[in-house]
Amino acid sequence: MEKILEVRNLSKVFGKGCPNCFIKTGPDLDTNICPDCGSVVAIHDLSLDLYKGEILGIMGESGSGKSTVVKNLFFDQEPTSGRATFFDDDKQYDLFGLNAAQKRHLRNHRFGMVYQNPHLGLNFGISSGGNIAERLLMNDLRNYSEIRERARELLERTEVLTNRMDELPGNFSGGMQQRVQIAKALAINPPLLFLDEVTTGLDLSVQAKILDLILEIQQEMNTAMIVVTHDLGVVRLLAGRTIVMKYGRIIESGLTDQILEDPQHAYTQRLVASAL
Amino acid sequence: MTAMRKANAAYPFGFLDEYAKKEVRRTILKAIAIPGYQVPYSSREMPMGRGFGTGGLQLTLSIIGADDTLKVIDQGSDDSVNAVNLRSFIEMTCDGIDTTDITDEANVIQSRHRIPEKPLREDQVIVLQVPYPDPLVVVEPSEDKRKIMHGEADYSRLLVKLYEDIVQFDEITISHRYPTRINDHYVIDPSPIPRWDVPKLNQSKALVLLGAGREKKIYAVPPYTDAEPLAFDDVPFRVESFNDENGQRRCCDRCGDNTSFLDEFTSSVGNKVYQCSDSDWCREQLVAKGE
Amino acid sequence: MTAEPILSVEGFSKQFELHEQGKIIPSSSNVNFDVYAGKLTALIGPTGAGKSSVLKGIFRTYLPSSGRIIYHAVNGHTLDLVQADDYQILDLRRQEIGFVTQFLHALPRQATEDVVAQPLFQRGVNRDQARQKARELLEQLNIPERLWSVPPATFSGGEKQRVNLARGLIAKPRLLLLDEPTASLDPATTDRVVEMIQAMKIEGTAMLAIFHHPDLVERLADNVVTLTPPLALDNKEVA
């Protein structure tokens, strides 16, 4: 198996920070807010590996820092410290050492992100097809009919009615918007895809279809994914391995079925026990 | 006229003081050095409302000298109110310059909405008045973000706009201000010239200067520089067609030329009439026909 | 036995530490046995003897508390499944070790034939071929053809169990763990399953199984390991 992403000692503090931030926060102290300076320690000393074609789950409640992890990796936010290396065939990139243009290049050409809020991932001012076209145009595809064709294929793949591809995403249901977002993220066949609470707030039946789609895509394209969720059901169905976070720290990690059936940490035991 | 002459005496040559002109010239040099890049400058107050060509005017006033011959056109015509006013202001404040209506005779041409039909020469400079310098403003409201997009030559969202246009109308409907990539990097708003004039920017022998007074930006298409309108491989850029319903190229009602950009009028009897938009071109065609 | 075992469980113990309740619950204690290629080892013992815990401990669904689980992989390497990292386990699950449990976990909307074909999809087998293979197995297990394209969510317990079985068998694992695979099957279908297990034994699959019925142990087991419930540790406080 080939490694695609290696994250080491990632930390992210919102606020000015002080020497006590990491000492005075964390799951043991039951807070992520530094009592001395009021900064929020979203992530502290997080390390993880991701292999080609693997789905890694990051599970935690609100405030655990799980979304911050993918936002840092997708360059939506800048980490306070730490390293992340992206292995792309024979090339490797020190993600946090790249300049803005290099970051944008990776975002546009090698990474995909699907947000909980479709407004973050889609431009609601242009048609669904146009949203996908944008990503293809970023990849220097300059042939209108090819772009149309590819957009149609992607929407078909994600089960969006292609006769609606010229409509604005605002006309669509939440589940449909997520499908368009997934189609957009996949437009360039990214080897690495981040999914941030993609099924939260959707009807159960719609959730199931989206999860099914994600899994199919992973198997078809061997896409490596990090799936951020507070939903145990989502990791159970999607992730081979799972990381459990609380107040910015990893408190447990392992194979997903082991985490769910034999959780080691008191917090995870409580989380699993309280799930429906 | 006497009152005007008196006023003239109170102002330096070119209305602007030397320092102001120097700043504009420095900005021009930078704009030439980075083709298509919008260089910010401290646009001066002019004795006319911003939006009436103050950007172009400041460029002209900064580069013109007493030996130069100036032509000012608006929508192709030297006689429109705007052109007349700008011309007389420049005449008034630039002692000794010559003015002309004839494209061939001018070495500085200030224009709004058109580039003359007659191919320009290396010894000519054309100054275009620009209302909105940034082509990205239609897709990105934040100037900070637009600057980054320009820096990284990230124009995919502009291309999406074209895509949406084709989806909706089966063709690119932009008639004026067609986004054009200069020297393989910066995309400019070439000012409200029609598509017809965009190809004239490509490998132009004359220096093209563009000034936006209200937006405080100057940019340039230097001589012999590539200017490529954004388009798709299979939906290429096209200029306006002046064919009639039978596919016949319309010609100018006055001079009979069938190669120039035509304006459409409704005649006194109610039918449509076409005439050269470039009045000097039309005149020249008439002269050639011996009329 | 002259052959080398594929799997050797040595001194395996599993206990659960329940933080919330402050309890340690012992599940299996000091379990020792071997599993051989082409042979079926049956775990027997009363309820609470920790039979399922042993299977789950081997599969890493449970983290073993102590002991060694030595696995001889197809490439000739030997590794201790207790010490192996997550990726090694995932790889073995994909390539060599199968587990048929009593419960079916499948994607909500997935067609039954795709549920069954899943292990082959994961190995990168062509989808049509994988589905074809799945249909053959479903047919052998008496699942009516009209159900193949329907998700198994609404199936009866016995049907679900057969789907689960088909999924466990399809990839022909080297080592197959079976946790009461026939618990809710009618006698005729049970006979089918017995035949299939026997066929797999002949093909060389090593099996470790828990059976509901002593009768099945009789019919299928080559070795029998008896587990006893671990010593009561009731109300023992967490250290």
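## Chain contacts and a parallel sheet

Among the 2 pairs of chains that touch, the most contacts are between chains A and C. The model is predicted. Chain B and chain C are joined by no contact, and their closest C-alpha atoms lie 35 Å apart.

### Where chain A meets chain B

How many residues of chain A are in contact with chain B? On the side of chain A there are 19 residues, and they are in contact with 15 residues of chain B. The size of an interface is often given as the accessible area lost when the parts come together. For chain A and chain B, about 1,600 Å² is buried between them, and 59% of this area is on carbon and sulfur atoms. Which residues supply much of the area on chain A? Arg104(A), Arg142(A) and Tyr144(A) supply 43% of the area that chain A buries against chain B, more than any other three residues.

Arg104(A) also takes part in a salt bridge: its side chain meets that of Glu152(B), at 2.3 Å from N to O. The count of salt bridges between chain A and chain B is 2. Polar contacts across this interface come to 8 residue pairs, with both residues at pLDDT 80 or more.

Three helices of chain A, namely helix 2 (100–109), helix 4 (128–138) and helix 5 (144–157), each supply at least two residues of the side that touches chain B. The largest share, 6 residues, comes from helix 4 of chain A. By type, the residues on this side of chain A divide into 9 nonpolar, 5 polar and 5 charged.

### The sheet of chain C

In chain C, 5 strands form an open sheet in the order 6-7-8-3-9, with parallel pairing. Strands of a sheet pair through backbone hydrogen bonds, either parallel or antiparallel. Which strands are at the edges? Strand 6 and strand 9 of chain C are the edge strands, and each pairs on one side only. On average, neighbouring strands of this sheet are turned by 15° against each other, direction ignored.

| Strand of chain C | Residues |
|---|---|
| Strand 3 | 40–44 |
| Strand 6 | 97–100 |
| Strand 7 | 175–179 |
| Strand 8 | 206–210 |
| Strand 9 | 223–226 |

Strand 3 and strand 8 of chain C pair in the parallel sense over 3 bridges. Thr41(C) has Leu208(C), in strand 8 of chain C, as its bridge partner.

Helix 1 (residues 51–59) of chain C lies across strand 3, strand 6, strand 7 and strand 8 of chain C. This helix runs at about 145° to strand 7 of chain C.

Definitions and conventions:
Residues are numbered from 1 along each chain as its sequence is written. Chains are lettered from A and ligands numbered from 1 in the order in which they are written. This is a predicted model: local features need pLDDT of at least 70, side-chain atom pairs count only at pLDDT 80 or more; totals for chains, interfaces and linings use all residues. Side-chain values use heavy atoms; hydrogens and water are left out. Contact means heavy atoms within 4.5 Å. Buried area is the accessible area (1.4 Å probe) that two parts lose on being put together, summed over both. A salt bridge is a side-chain nitrogen of Lys or Arg within 4 Å of a carboxyl oxygen of Asp or Glu. A polar contact is a pair of N or O atoms within 3.5 Å; within protein, one must be able to donate a hydrogen and the other to accept it, and residues adjacent in sequence count only if both atoms are side-chain atoms. Helices (H or I, at least four residues) and strands (E, at least two) are DSSP runs, numbered from the N terminus. Ala, Val, Leu, Ile, Met, Phe, Trp, Tyr, Cys and Pro count as nonpolar, Asp, Glu, Lys and Arg as charged, and the others, Gly among them, as polar. Two strands pair if DSSP finds at least two bridges between them. Axes are lines fitted to C-alpha atoms, for helices over the stretch in contact, and angles run from 0 to 180 degrees between N-to-C directions.
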